[in-house]
Every structure is written in structure tokens, then in C-alpha cells.
Amino acid sequence: MEFFLQLLVNGISLGFLYALSALGFVMIFKSSSVLNFAHGELLAIGAFLFLVLSSWANLPIIVAFAFTLIGSFSLGFIIERFFLRRLIGEALIEVIMLTVGLSIMFKGLLLFIFGGDIHNYRQFLPEGLSITWGSIGIPSVYVASFIIGILFLILFGFFFKYSSQGIYMRSVADNQPAALSLGVHVRRVFALSWAIAALVCAMSGIVLGIINGVNVHELSSIGLKVFPVVILGGLDSIGGAIIGGIIIGLLETFTGGYISTSLREVIPYIVLVLILMVKPYGLFGLVEIERV
Amino acid sequence: MENNIRLLLNNISVVYSDVIQVLKGVSLTVKKGQIVSLLGSNGAGKTTTLKAISGLLKPENGKVTDGSIEYDGAPVQNSSPEEITRKGIIQVLEGRQEFKYLTIEENLRVGTATRWGKPYKKDLELVYHYFPALLSRKKNMAGYCSGGELQMLVMGRGLMAQPKLLLLDEPSLGLAPILVKEIFQIIRRVNEELGTTLMLVEQNANMALQIAHYGYVMENGKIVMESDANDLRENPDVKEFYLGTAASGALKSYKDVKSYKRRKRWL
């Protein structure tokens, strides 16, 4: 029973991390229908930026964190401005191929600068943040990610549902010519969605870096894990990304705990296929509204 | 005299993808506070004319290659849609083009994009005043609304932008006659009560000429006829080719070959 509960807690914490990292992906897809294959590299860039600022430049943690977020936000803007803007109006597949190219380029750059070794942050999370409950323990890093995650989810929820800018962003995703006819600044919307996505990526990159150490290969492969998460939850649903993340997290830890650790990576995909057979738009994806 | 004119198209030509010429020297004038309707058969260039004005040619790889478009005395041809909408020209696209996954009210709020951050409550009330049908459905997703509701929605969305010149592309398309009547009454009220200048592209020439002050007829990318709406309604050619009734008022037979010759004469 205790083993089960510990697995449950681990699964949910892990799932929450996946969910957090999937948010940025959903963001870009929602506004511009682009699948961002450079997602994992954005995670890695955020994590390394924080490493440089906190461990190497020795800035106070809060300052380093703030600068990392600002840096990634600007990076998102720059990526949109210099690479994606030129492809506005081109076929979607070309834009997606561009993100594949970006992913390879960023990975190469990171490997060139930092090498393939594992780097570690200095210890900075207060021990008091961890929760012990009988024999079940939640490490402080998971608690921290949980708090940050919930905070940002609520923030994003409100942003998209109620703020004007959020509604403009959704309108662009929905019907771009119509948004244009009403004077929505489509390029600004794209830039903003990339910037926010890069920011969220940096955040989850940092948390993953604290848990596993900062390593280019590791982080960029976790970026690929957003695919089962978002496809499961529905590509365009923020709520779906969270549920999808938690389901994948639970599946992984339970398979690892009860069946075999080598099946860990495979089972989520099998379940993904099964769920998609029943719900082709994912669990919470928007069902295409068609007029007949 | 000069400052009475809202929009002036001076001999404009539009070319798509650098090769396909759609408009061949179109000139027209829209005076402040008027409803001007643009009639013509399919492919005559009516929608292209509207898109040339609103700047929406650009994303479709079209360009105004010749002539000028003056809005309130300043040239606006080939500006981006972001600039043009902020000057007060809003186009309501053909075929409704609602935001399917946004609620009615969220759809309307997108209309505030040209003045982001400014209060919009009054405008919402105004739109619900003109289109009461929208009020009861404001929390519904637009994708599940009926055609009539959607037409009201997209027109209301245009009004949210507080346009000085509203371009309506085929508002009657695919609607039941009773709804068409209602929509046109609302268009007339908007024009009279808000003083909005309107340009109306229509296949339903009969309805359009009833509410318009002035009318233009387009064929093959050119203006072939222009006149006061009343005169146009009485013109025997317009009656026959666009209103569907012959000069005598009875339906014309295809056997009458003369009409073909007459059509050729002014095309």
C-alpha cells in the first residue's frame, strides 16, 4: 500500500512536470497551429541560462530566475522575428520543418558551448519545502514545481479566457483572415505566443535540471515527451495538457514500479494509441465544428 | 465639397500574384454618411475592390498596381490591414467567417482589437441593441449558432471597432428572405442612427438598391454604370439583368435574343 501511494505521488509529481513543459507547446499550437519540434531545446536553453546565471555568475537565485525568464521571453520574440516571420503565409509544413531545423541548430550550439556532460545547480531550495507523510515523501523540488505550475496555470487560464489580448490570440488561432479583417495584429500575436512559450519552457527546464541535472541530450529528449502528453490531452487544450501530463506520469511510474523499468518508456505510447482510437481529438481537444 | 468625400478610388488596377489582373481601372466615390452599393455578377471584381480598400489583398498576394485610394483625403493603397483598420475602415468578410471556438461575446470583443485596452462596454450594449438575438446567446460558442445569428454576429463585430467606413460583403448570402429583410433594415438603421458610411457588395440587387443612396454596377473588373440608387432601379437594363424583371415588369424569356445584343452593347 505504501509502495502504491509513493508511486502515486511520484507519478503525479512527474506528470505535473510534463504538463508544465507541455504548456509552452500548446501555447504555440493554439495561436499558430505550428507543432514546435524545437520544444526540448527551448527547455534546455532555459535550464542552461539559469545555470550560467546562478552557478557561474553567482547571482542571487531570485535574480537569476527573473533574468532567465526575461531572457527566454526575449529569445522567443527573437526566434519569431528572425525565423518564423519570414514564413508567414507559407504552408504549415514548411514552418514545422523550420522548427526541426531550429531544434538541431540549438542543440548543436548548446553542445558546442556546454558539452555533453551533466552540470548541476548549486543547492538552493529550502529543505522545509519537502513534505513527509508517514513513509511517503515528496522532495522539495516537486513541491516547488507544483506551486509554480498551479500558479502559472491559473494565470494562463485567466489570460486566455478573460483578457482582451488572450481573446485576440485565440481569434488568430481560430480564423486568421477574419482576425486580420478586424485589425488584430497577427504578427504580434505570433511573437507573443513564442515568447510566452519560451518562458514556460525555461521554467520547466529549470525544474527538470534541478531533478536530473542539466544535460543537453536529456532535456531535449524530454521535449519529445510533450508529444504523447499533448496528443493525449488534445493539442489545443491547456486543461488537457495537465491531465495528459499526469496520466503519462502515472503510467510511467506504475509501469516502472510494478511491471518493468524497461517498459516505462513504451507503455505511455501504447495507452496513447488506445485512447486515440476512442477519442480521436484527444481527451479534451476541440471537436471540429462542421456545418452540413 | 472635397471634405464631403470619405473614400475615393481613382482608376485603380489590382493584380494577383503579379500576373492575374482583376480590376482594370476602377473609379468610385463614397460620400460621408451614404450607403453605396456595388452590384455585379460573379467574378466581376466586387470583393477584390473591397479587399483593395481594406488592405486584405496583401495576404492573398494581390496588389494595387495603378491608381490611388484616398480615404479622408490621404492615400491608403497597399497599406497593411493593421494600419487601415486603425484608420476606421472595417471589412465584414463574405461567408460570415465567425470565430467558431469563441463565444458570441468573445467574438464581439475581438472587434476591439483596433483600440486595445480602451473600454468597450458601451459598444457591446450598442451591438446588443441592434442585434437583440445575440444577447440571449452571448455565452454560446459561435460555431453552433445559426446562419442568421452569425451574420448579425459578424456585423456586430465590425461595429465594435467603431468604424467610419464599414464594408459589407454579401450580407444576404445564404439567408432566408425574412432574415435578409431584417438584416437590411438593421443596416439602414446603423447608417441613419450612427452615421456610419457603408459600402455594400450584393448579389441581391433588389434589396441593396432599396436601402442604398448610390449604386455602381461592375462587370469584368470595370465599373460599367453608376447612378443614384433610384435611377438605377428604374434603368431598363439593370431591371432586366440584375433585378430579374423586364422593362414591362413581366419575366423575360430567353428566346428574346435582342437582350443579348443590348447587354453586349454596354459591357
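**Note on a predicted two-chain model**

1. Buried residues make up 45% of the 267 residues in chain B. A residue is called buried if 20 or more other C-beta atoms lie within 10 Å of its own, exposed if 12 or fewer do, and partly exposed in between, with C-beta atoms placed from the backbone. This is a predicted model, in which local features need pLDDT of at least 70 and side-chain atom pairs count only at pLDDT 80 or more, while totals for chains, interfaces and linings use all residues. Residues are numbered from 1 along each chain as its sequence is written, and chains are lettered from A and ligands numbered from 1 in the order in which they are written.

2. Chain B holds eleven helices and ten strands. Helices (H or I, at least four residues) and strands (E, at least two) are DSSP runs, numbered from the N terminus. The C-alpha atoms of chain B fill a box of roughly 60 × 40 × 35 Å along the principal axes. For 267 residues, a compact globule would have a radius of gyration near 18 Å, and the 19 Å of chain B agrees with this. The radius is taken over C-alpha atoms, and the globule rule is 2.2 Å times the number of residues to the power 0.38.

3. Contacts in chain B come next. Of those between residues at least 6 apart in sequence, 68% join residues at least 24 apart. Two residues are in contact if their C-beta atoms, placed from the backbone, lie within 7 Å.

4. Four strands of chain B form an open sheet in the order 2-1-4-5, with antiparallel pairing. Strand 2 (20-31) and strand 5 of chain B are at the edges with a single partner strand each, so one side of each has no neighbour in the sheet. Strands pair if DSSP finds at least two bridges between them. Strand 1 (residues 5-16) and strand 2 of chain B are joined by nine bridges in the antiparallel sense. In strand 2 of chain B, B:Leu23 is the bridge partner of B:Val14.

5. Two residues of chain B deserve a check of their backbone angles. Most residues other than glycine have a negative phi, and most peptide bonds are trans. B:Asp72 is not a glycine, yet its phi is positive, at about 50 degrees. B:Asp72 lies in the loop between strand 4 (62-71) and strand 5 (74-75) of chain B, and with 16 C-beta neighbours inside 10 Å it counts as partly exposed. B:Asn78, also not a glycine, has a positive phi of about 60 degrees. B:Asn78 sits in the loop between strand 5 and helix 2 of chain B, and its 15 C-beta neighbours inside 10 Å make it partly exposed.

6. How enclosed is strand 7 of chain B, at residues 165-169? Five of its five residues are buried, so strand 7 of chain B is largely enclosed by the rest of the structure. B:Leu165, B:Leu167 and B:Asp169 point one way from the strand, B:Leu166 and B:Leu168 point the other way, and all are buried.

7. Strand 7 of chain B has parallel partners. Strand 6 of chain B runs parallel to strand 7 of chain B and is joined to it by four bridges; B:Gln91 has B:Leu167 of strand 7 as its bridge partner. Strand 8 (residues 197-202) of chain B pairs with strand 7 of chain B in the parallel sense over five bridges, and B:Thr197 of strand 8 is the bridge partner of B:Leu165. From strand 7 the chain crosses through helix 7 (residues 177-194) of chain B to strand 8, in a right-handed β-α-β crossover. Right-handed means that, with the strands pointing away from the viewer, the path from the first strand over the helix to the second runs clockwise.

8. Chain A has twelve helices and two strands. The radius of gyration of chain A is 19 Å, close to the 19 Å that the globule rule gives for 292 residues, so chain A is as compact as a globular protein of that length. Buried residues make up 45% of its 292 residues.

9. Where do the two chains meet? On the side of chain B, 27 residues are in contact with 19 residues of chain A. Helix 2 (81-86), strand 6 (89-92) and helix 3 (104-110) of chain B each give two or more residues to this side, and helix 2 of chain B gives the most, with four residues.
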